[in-house]
Structure formats: C-alpha cells, structure tokens
Amino acid sequence: MNRHVEALAEEFLGRGHDVRVLAPVDPPGVLSRATHRAAPTSTALPDYLVPLGRSVGFGANGAVSNLAATPGSGYVRPRREVRAGEFDVIHVHEPVAPLVGWNAVLGARTPVVGTFHAYSTKAFPNHVASALGARRMFNRLAARIAVSEAAAWTGMRWFGGEYTIIPNGVDVDAPPTGLTVPGEELNILFVGRPEERKGLPILLAAFNALVEHVPSRLTVIGAEEDDVKRWLADPELFASIDVRGRVSEEELWAELHAADVLCAPSLSGESFGMVLTEAFAAGTPVIASAIAGYSDVVTDGVDGLLVPPGDPQRLAEELQRVAHEPHLLTAMGAAARHSAKRYAWPRIADQVTTVYERAMAAPAPAGNAARVAHWAGLRPADGNRPIPPQKLPSLDPAPAAKGKRGRRIARRVGLGVAGVLGVGLSLLAAQKIGIDEVAESIVRSDLSWVLVAFALMSISMFFRAASWYWIARAALPDRPIRRRDVTSATMIGVLMSATLPARLGEPARALALSRRTGRMRETFPVLLGTVVSQTLLNLVALALLGVIIVSTTSLFHSGTEHLFLFSLVPLILLVVVLVAPFVMRQTGNGRVARIAAAAHRAMVQVRAGLSIFKDPREGAAAAAAQLGAWAIQLSACWALLYALGLNGRAGIGAAAAVLFAVNVTAVVPATPSNIGVFQLAVISVLHTGFGVSTADALAYGVILQGVEIATAVVLGLPALVREGLTWSDLRVQALSTAPVHLDPHPRPRRRSDRSHSSVA
C-alpha cells in the first residue's frame with residue numbers, strides 16, 4: 001500500500017497536480033525499534049509528505065500492522081491537516097484501519113475517496129469494525145475503490161456499498177529491458193516478508209525435493225537467514241539458497257529480471273499481489289497459489305501457473321515441469337510482459353482521476369435533514385441508494401479432497417453433542433440440588449475475591465510457560481527457542497483445552513511452537529515429548545497436593561480413594577514413551593516393518609523431550625516454575641473459598657482437594673473444559689469431605705470453571721491473533737512437514753493439468 005500511494009502521488013505530481021501525502025513517520029532510532037521490533041529503514045522523505053507523528057507495530061493475522069496509536073498522530077493531526085489543506089479531494093487508503101483513515105474521513109469538509117486494499121474473510125474483526133461505526137463512516141465516502149475483486153468482496157460482504165475496481169499499478173519502465181539467457185540452473189525467486197502466510201515454508205519443502213532432480217537455485221528477498229534456516233528440513237539445502245534480506249528497489253528489479261520464475265505460494269489473505277505485476281513487468285512468469293487476489297492477476301497457463309494453496313507436492317511438480325520445458329517459461333514470460341501493460345501507472349492514474357471527478361460531482365446534501373443524515377453516515381455521500389452488506393460466496397478455491405465437508409460437519413456435531421452433554425450434566429445436578437439455591441450462592445459471592453482468583457490463575461499460566469521454555473530449550477538446544485513464542489503457544493494450548501475435548505490443547509501448543517521453531521518434521525515430536533516432561537512434573541505436583549490433603553483432612557478415608565487411580569494415567573503415558581522405542585524396533589522391508597520403523601523414530605524423538613532431567617540447573621528451573629504454577633493455582637482455589645464465604649468450613653486442604661480432583665478427572669475429558677464432570681468432582685470433594693452444602697459446592701464449581709475459561713479466553717485469543725491463526729488454521733502448519741516426492745521423469749504438462757481456480 002505504501003508503494004501504491006507513493007507511485008500514485010508521483011504520477012499526479014508529474015501531471016502538474018498539487019499532492020500532499022499525510023502519514024505517520026518513524027525515524028530510525030531506539031524508540032522506533034522498540035515500538036516495531038525492528039529498525040525502520042533510513043530513507044529520504046519526499047517533499048510532498050506531511051508527517052503525522054509516530055506509529056506502533058501491532059501483531060495481527062500473521063503480520064505486523066503499523067498504526068498511529070497516540071491521540072496526536074491518530075486523532076488530532078489527521079483532522080487538522082485535512083481541514084487546513086484546502087484540498088479539492090481527499091483520498092484515504094484503507095479506511096477500515098484505525099485511526100488515521102477514520103479521522104481523516106470524519107474531519108474532511110471536501111469529497112473523500114476511499115481505496116480498500118485488504119482481503120478479509122474473518123467475521124469477528126469486521127463485525128467489531130461495524131460495531132464501532134465503520135459502515136456509517138464509509139457512507140461518508142463520495143466514492144469507493146477496491147484494488148481487486150477480493151478487496152471489493154471484502155467491502156461488499158462486511159460493509160456494503162458500491163466499489164470501482166482499480167488495481168495496483170506497476171512501473172513498466174523500471175525493470176531492465178535486456179533479454180535473460182537461461183542458465184544450467186532453474187533460478188527461482190521468492191519475494192515477501194517472513195510471515196508464514198506468505199508460504200515460504202511451503203516453497204522450501206517443495207525446493208527440498210526439487211534439487212534432488214533439477215539443478216536449481218532459490219533466491220529469497222525480504223527474509224533473513226534465520227527466517228529461512230528454521231524452516232529447512234535439511235540444513236545442507238541452505239547451500240542452494242541465496243538469502244538477500246531487504247534490498248533496494250534497483251536490486252529488486254534486477255533480481256526479478258534475472259529470475260526464471262517468481263514463486264508466490266501464499267496461503268491466504270492476499271488481495272492483489274503487487275509483486276506478481278512487478279514480475280510481469282520484468283518479463284518473468286510466476287507460479288502462484290490459486291487464492292483470491294492472485295487469481296485476479298494470473299491467467300493460468302498464459303502468463304503464469306496457479307497451484308492449490310498449501311500444497312508443496314503440486315508446487316514441486318510444477319517447478320520440475322517448467323525446468324524441463326524452457327519454451328513454456330519463454331512463452332509465459334513474453335505474455336507476462338504484455339499483461340503488465342494493464343497495470344501501468346499512467347493507466348491506473350487515469351482511472352483514479354475519473355473516480356475523483358465523480359466524487360467531486362456528487363450532489364451536496366440539500367436541507368438540514370439531509371446534511372444531518374450525511375454527517376451521521378445514514379445516507380451515502382455519493383447520492384445513491386444505500387446498499388447493505390450481503391452474503392457472498394467465498395472467493396477461495398474449494399478444498400480439493402472429497403469428504404472434508406462431511407468430516408467437518410461430523411466434528412462439529414460431535415463437539416456440539418459433547419458440549420450439550422456437559423451442560424446437561426451440570427443442569428441435572430443443579431435441578432436435583434435446587435437451581436434457586438445455586439444461583440443465590442453465586443450471586444452472594446464476593447466479586448473482589450473472584451477477580452483475585454482470576455488474576456492468580458492468569459499468573460500461573462505464565463509460570464507454566466516459563467517451565468516449558470526451560471524444557472523446550474533443553475530438548476532442542478540447537479533451535480531458536482524464544483520466550484514469547486513459548487508463551488503464545490502455551491496460551492493457545494490453554495484456549496484449546498478450554499474449548500475442545502480430549503486434551504487437544506496439548507498437541508495444539510506443541511504444533512504452535514514447532515511452527516515458530518522450524519523444521520516441524522523434526523521438532524514437533526520432540527516438543528510433544530516436552531509436554532510429557534511437564535506431565536511428569538504435574539505428577540509430582542499431584543503427589544504434593546495429596547500430601548497436603550492427607551495432612552489436613554481425612555478426605556481420602558471417606559470413600560474417594562478412586563481419584564488416585566485416575567492420576568495413574570499420566571504415569572502410564574510416561575512409561576509408554578520410555579519403553580515404546582525398544583518395543584517398536586523392527587527389521588525387514590515389509591510395509592509393517594516400515595510403519596514400525598517410522599513409529600520407532602517418532603517415539604525416539606518424543607523421548608528426546610525428556611532431556612531437561614539431564615541438566616540439574618535447567619531441570620530445577622523448570623520444576624520450580626511448574627510447581628510454582630500449581631502453588632499459584634492452589635491459591636486461586638483458596639481465594640474462591642473466601643469468595644463464597646466457605647473459608648470457615650474449608651481451608652487449604654479443601655482447596656488442594658478440589659485442585660487435585662478437577663485435574664485428575666480431566667486427564668481424558670469427554671466434554672469441552674470437562675464441563676459437567678468438573679462440577680460433579682467439586683461437589684464430591686467439598687460435600688463429601690468437608691460438609692459444604694451441595695448448592696454451595698456446585699456454585700463453587702461453576703465459578704471456578706468460569707474463572708478457568710475466562711483465563712483461557714483472555715490469554716489465548718491475543719495469542720491466536722498474534723499468530724494469525726484459528727484452530728482449523730493450525731492444521732495448515734503441518735503441510736510443510738509432509739514429504740514431497742518427485743518422479744525423475746515427469747510427464748509433459750497438458751492443458752487438463754491446469755488448476756483453474758473458481759475465481760480465475
């Protein structure tokens with residue numbers, strides 16, 4: 001978007017127009033590095049730029065958005081500058097992004113045009129924007145532009161209105177004009193930030209298989225060496241990769257011109273793909289994912305090839321085929337240069353000028369009522385009838401595999417049944433006890449103590465993350481383990497455990513961390529082993545809780561000894577991890593032997609997750625953090641006894657017994673958050689062992705579980721946003737771990753092989 005604004009401004013300046021660009025500016029320095037996690041590049045500012053102050057980098061949706069976050073830069077200065085500039089028209093880029101764009105629209109006294117750049121399919125952030133007034137604010141736009149069909153889809157789907165599609169432009173005169181001579185190696189280029197949604201792990205998995213059959217070299221621009229190395233399954237592959245990091249505009253054009261093919265394997269979230277048109281201008285064909293945004297630009301089989309997103313196998317096959325068919329690359333390169341003419345900046349500027357003229361010709365509201373309606377955003381500023389948001393079919397390609405929809409529906413039905421079962425158990429218990437009495441106990445609880453319990457429960461999660469950090473670092477000493485990645489993965493696991501049955505949070509957090517650690521095929525089993533290490537520490541914590549219970553109460557002499565039997569399940573899991581590698585050893589070449597060998601290798605990697613216990617210093621740190629987390633959770637359970645006024649009848653022993661019971665019965669939960677069983681375990685402990693009334697015991701169980709779920713949501717959702725993932729998205733991270741195998745003698749590409757997208 002920055003390149004779009006800069007190029008459009010210079011094109012208009014060249015035509016004699018008076019242009020001002022209002023935007024935040026972050027000069028190089030310590031403060032900019034602290035607020036963006038990286039040092040901004042030092043560049044000369046153009047004369048037409050009016051700085052609005054600094055911005056702050058916010059991680060969201062797998063990327064970092066730089067937003068003006070202070071009242072001065074985000075609110076005061078945009079309004080003041082648009083009013084003082086005496087502009088004929090104001091052009092706001094990405095109006096949906098707070099705060100600069102919003103306040104420029106709200107402060108404008110002249111016609112405003114908005115260009116929408118983003119493609120967004122997620123309902124939650126768009127519904128939040130609408131709740132904050134985005135729809136009414138966009139009605140104050142005299143015209144709306146979208147850079148692609150995907151961006152227009154986003155606007156119509158979530159905010160309504162009419163959109164004129166004007167794509168991003170490209171400087172067709174910037175790239176070198178000489179002919180490139182194909183070399184002995186296939187020269188592949190990747191340009192993009194090291195964000196996972198850009199698909200670099202998918203390309204590296206494909207390239208790993210390609211180099212075995214085709215002399216090839218990969219150039220990576222926009223990422224650093226560490227970003228690439230952490231995704232390599234084979235470290236020796238790095239010898240065939242040139243990592244350039246950030247480059248100048250001249251260097252980028254030179255690399256685009258020299259490449260045989262540009263690879264753009266993004267997974268999702270692309271509204272246009274300006275790098276595709278830049279490759280076209282350089283006469284370089286592309287192989288891109290068949291996703292919304294890219295499919296608008298690439299004509300499959302003409303100026304590039306489209307492959308299914310997140311499919312390293314298909315990507316490797318297409319790269320192998322073009323290497324064997326150089327005439328196809330030559331033909332697509334010529335067609336690409338011709339396609340680039342559609343996006344030449346003079347042509348784009350002409351289309352934008354037409355929209356400006358239409359916006360300035362829009363009728364002014366007549367009468368006080370019309371002016372009030374315009375100011376409040378109740379009627380469109382273009383004078384046309386309001387167009388509400390509308391449900392539109394997805395632009396993303398349908399899943400290639402059959403039966404996925406049925407499995408997805410079955411999973412949702414299963415989760416729904418489990419949830420209903422858990423709620424039903426709770427309601428049944430409440431009905432037998434007396435719903436009024438339970439509700440009265442909940443209402444009577446002291447909110448301040450509940451908040452104390454919530455704070456303690458939240459703090460305990462950070463202690464668990466600290467413990468896992470030490471364990472993971474010991475298990476993977478050669479991999480880049482960062483505290484913030486471990487913390488995010490921990491919170492994601494907590495969220496998944498709170499919302500899904502069957503302890504799915506444990507593999508979820510291992511998967512989330514392995515994608516940050518790199519080389520998932522190797523690190524994921526090891527990180528699963530680190531979860532086993534924490535399980536062993538949890539057994540120690542349960543034993544200590546048992547000591548507290550036995551020393552303070554006669555609970556386990558009252559018929560609840562069976563709880564100890566449940567605690568043996570983690571111990572059995574530990575024994576399996578230790579013994580399985582010896583049992584699974586197989587010899588021979590049969591299918592069973594190969595499966596056993598693969599399982600044996602995986603279990604050996606899992607056992608590597610227990611390395612923490614070989615280092616006394618790090619082992620002590622991990623144990624102290626994990627046991628500290630349990631101690632803080634014990635304090636949270638104790639605080640809730642005060643919240644319900646039960647501290648007179650039940651003390652630290654009762655809190656220990658509750659914590660013991662809910663964790664033991666949750667070893668293999670049948671319902672999300674173990675709801676239902678959780679409350680029954682609390683009732684069994686408090687009523688049987690400490691004489692607490694069943695109504696108060698159930699109220700305690702409801703509040704305690706509410707605190708746990710609130711903790712999971714408050715800590716887990718920001719972690720998911722930082723990762724740019726949903727639970728279903730986590731499955732995509734395993735794609736780069738799938739082995740890619742190529743036929744040494746591929747068949748020629750036929751027209752029927754082309755993966756036409758539904759949005760092409």
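Me: How many bridges join strand β6 to strand β7?
Reply: The model is predicted: local features need pLDDT of at least 70 and side-chain atom pairs pLDDT 80 or more, while totals for chains, interfaces and linings use all residues. Residues are numbered from 1 along each chain as its sequence is written, and side-chain values use heavy atoms, without hydrogens and water. Strands (E, at least two residues) and helices (H or I, at least four) are DSSP runs numbered from the N terminus, and two strands pair if DSSP finds at least two bridges between them. Strands β6 (residues 112-116) and β7 (residues 143-146) run parallel, and the number of bridges joining them is four.

Me: Which residue in β7 is the bridge partner of Thr115?
Reply: β6 and β7 belong to an open sheet of four strands with parallel pairing, in the order β5-β6-β7-β8. β5 (90-93) and β8 stand at its edges, each with a single partner strand, so one side of each has no neighbour in the sheet. In β7, Thr115 has as its bridge partner Ile145.

Me: Is Ala629 buried or exposed?
Reply: Ala629 is found in helix α26 (residues 616-643). Buried means under 20% relative accessible area, exposed over 50%, and partly exposed in between (1.4 Å probe, protein chains only). The relative accessible area of Ala629 is 0%, so the residue is buried.

Me: How far apart in space are Ala629 and Met461, C-alpha to C-alpha?
Reply: In sequence, Ala629 and Met461 are 168 residues apart. In space, their C-alpha to C-alpha distance is 6.8 Å.

Me: What is the relative accessible area of Asp173?
Reply: Asp173 is found in the loop between β8 (164-165) and β9 (186-191). Asp173 is exposed, with a relative accessible area of 69%.
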